[in-house]
Amino acid sequence: MSIKLKSSYSNIESWFRGNLHTHTTESDGSCPPETVIADYESRGYDFLCISDHDILVDPSRYQRNTSMLLIPAVEVTANGPHIQQVNANNRVAPNPDRQVVVREIIADQSICILNHPNWGAQYNHFPHVLMESLDGYHGIEIYNGVIQRLQGTALASDRWDRLLSGGHRLWGYGNDDSHQPGDVGIAWNVVQAEDCTVDQIDVGLRNGSFYASTGVTISSIGINGTTVHVKTKDAQRVCFVSKLGVIQLIVDGAEASYSLPEDLNQALSLSYIRAECYGAGGSVAWTQPIFIEEEV
Ligand SMILES: [Zn+2]
Ligand SMILES: [Zn+2]
C-alpha cells in the first residue's frame, strides 16, 4: 500500500477571476445591475454572478454591454440560512427544509454553496449541525466580504476544517456579497481553465480547480509524489493546514513545499492538506484541500 495525493488542480497556466455573490437594485443592493457590472469590469474581473435574493436576474440582458462573463445565479434566502445557486437555470424556491433546496439546486444542475456561516451575533447564521447533516452541496463560503461590516466573522475556514475533518469533501469559496460600492473587490475566486466560458468556469468551480483570495495571487499548485508545491506571486508566508485545522508547516516566502510524513498511518491521519498564503495588508489566498488517500 502507498499514499496518493488527490488534487483538483492541473497544469493549465491560465486563471480567471470572479465573484459569485452580488446584489443589485433587483433586491436589496444599492446600485442597478449595469452600474455593478461596470464596477467589477473596471477592476479587471473575468466573470461575475448577479445573485439577488430569491430572484433570478437574466444576465443575457446585460451581456452585450460587457466583455466580462455573466453567469446566472440566485441567493436562496427566505425561510432559513442562505444558499447560493450558481449557474442557475431555474430559480429554486426557498423551501424551509434546506435539504430540499440543496436537492433542487443540484437537480437544476447548478452549483450549491452554503453562505456566510459565521454571520450574526451568535456567529452561527448556518447552524453547524445543519451543515453537517445536509447532503450534496459543493462547498461553503470561507470568506464573505460584507460580513466585515456586519456582526460575526467574514472568515469561516473554521467551519470548513470541521466539515472536511468529518469526511465531507467540500470546496471553499470567497465572495464579496456586495450590496453597495464599498463591498466590491473584497474576496473572489480564481479558476484554472483554458478559456473563460460558462462551461469551463462551471467545471472549475464544481470540481475544485480554483482558489479563493482576498488579495494574494497563486501561480501554480503542483503535486510531485507525496509533496505539495504552492507557488505565489506575492505571498509572504505559506501555511499548510491539515485535519481539524492543525498547521503542519509554516514557510516564510512566496513559494513553499510540504512533504507528507513517510509513515503511512501518520500521513493518512492528516486526511487532507490545504495551503493558506498570506500577503501584504492581511490578504490571504486559500487553496482547495488536497486529499490524502490510500492506494491499494
Ligand atoms: Zn446572504
Ligand atoms: Zn447575499
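**Entry 1: the zinc pair**

I started with the two metals. The zinc ion (ligand 1) sits 3.5 Å from the zinc ion (ligand 2), and Glu75 coordinates both. I note here that I am working from a predicted model.

I listed the protein donors of the zinc ion (ligand 1). They are Glu75 through OE, His82 through ND1 and His116 through NE2. Their distances from the metal run from 2.1 to 2.2 Å.

**Entry 2: the zinc ion (ligand 2)**

Which residues coordinate the zinc ion (ligand 2)? I found His21 (NE2), His23 (NE2), Glu75 (OE) and Asp177 (OD), at 2.0 to 2.2 Å. I then looked at the angles among the four donor atoms. They span 80 to 170 degrees, and the site is irregular. A tetrahedral site would need all angles between 85 and 135 degrees.

The donor residues of the zinc ion (ligand 2) are spaced H-x1-H-x51-E-x101-D in sequence. His21 is in the loop between strand 2 (15-19) and helix 1 (33-42), while Glu75 is in strand 4 (residues 69-76), so this pair ties together parts 54 residues apart in sequence.

Are these two buried or exposed? His21 has 0% relative accessibility and counts as buried. Glu75 is also at 0%, and buried. The cut-off for buried is under 20%.

**Entry 3: Thr22**

I moved on to Thr22, in the loop between strand 2 and helix 1. Thr22 counts as buried, at 0% relative accessibility. What lies 2.8 Å from a polar atom of the Thr22 side chain? I found the backbone oxygen of Cys49 there.

I also looked up what Thr22 touches, leaving out residues up to four places away in sequence. The list is Val36, Tyr40, Leu48, Cys49, Ile50, Ser51, Asp52 and Ser178.

**Entry 4: His138**

Last, I looked at His138. Where is His138 placed? I put it in the loop between helix 4 (128-133) and strand 7 (139-144). Its relative accessibility is 14%, and His138 counts as buried because the cut-off is under 20%.

I set aside neighbours within four places in sequence and read off the contacts of His138. They include Ile106, Ser110, Ile111 and Cys112. Arg169, Leu170, Trp171, Tyr173 and Arg206 are also in contact with His138.

Conventions
Residues numbered from 1 in each chain as written. Chains lettered and ligands numbered in written order. Predicted model: local features only at pLDDT ≥ 70, side-chain atom pairs only at ≥ 80, totals over all residues. Heavy atoms only, no water. Donors = N, O, S within 2.8 Å, 3.2 Å for Na, K, Ca; no water. Tetrahedral: all angles 85-135°; square planar, octahedral: opposite > 155°, others 65-115°. Helix = DSSP H or I, 4+ residues; strand = E, 2+ residues; numbered from the N terminus. Buried < 20%, exposed > 50% of the residue type's maximum accessible area, 1.4 Å probe, protein only. Polar contact = N/O pair within 3.5 Å; in protein donor to acceptor, adjacent residues only side chain to side chain. Contact = heavy atoms within 4.5 Å.
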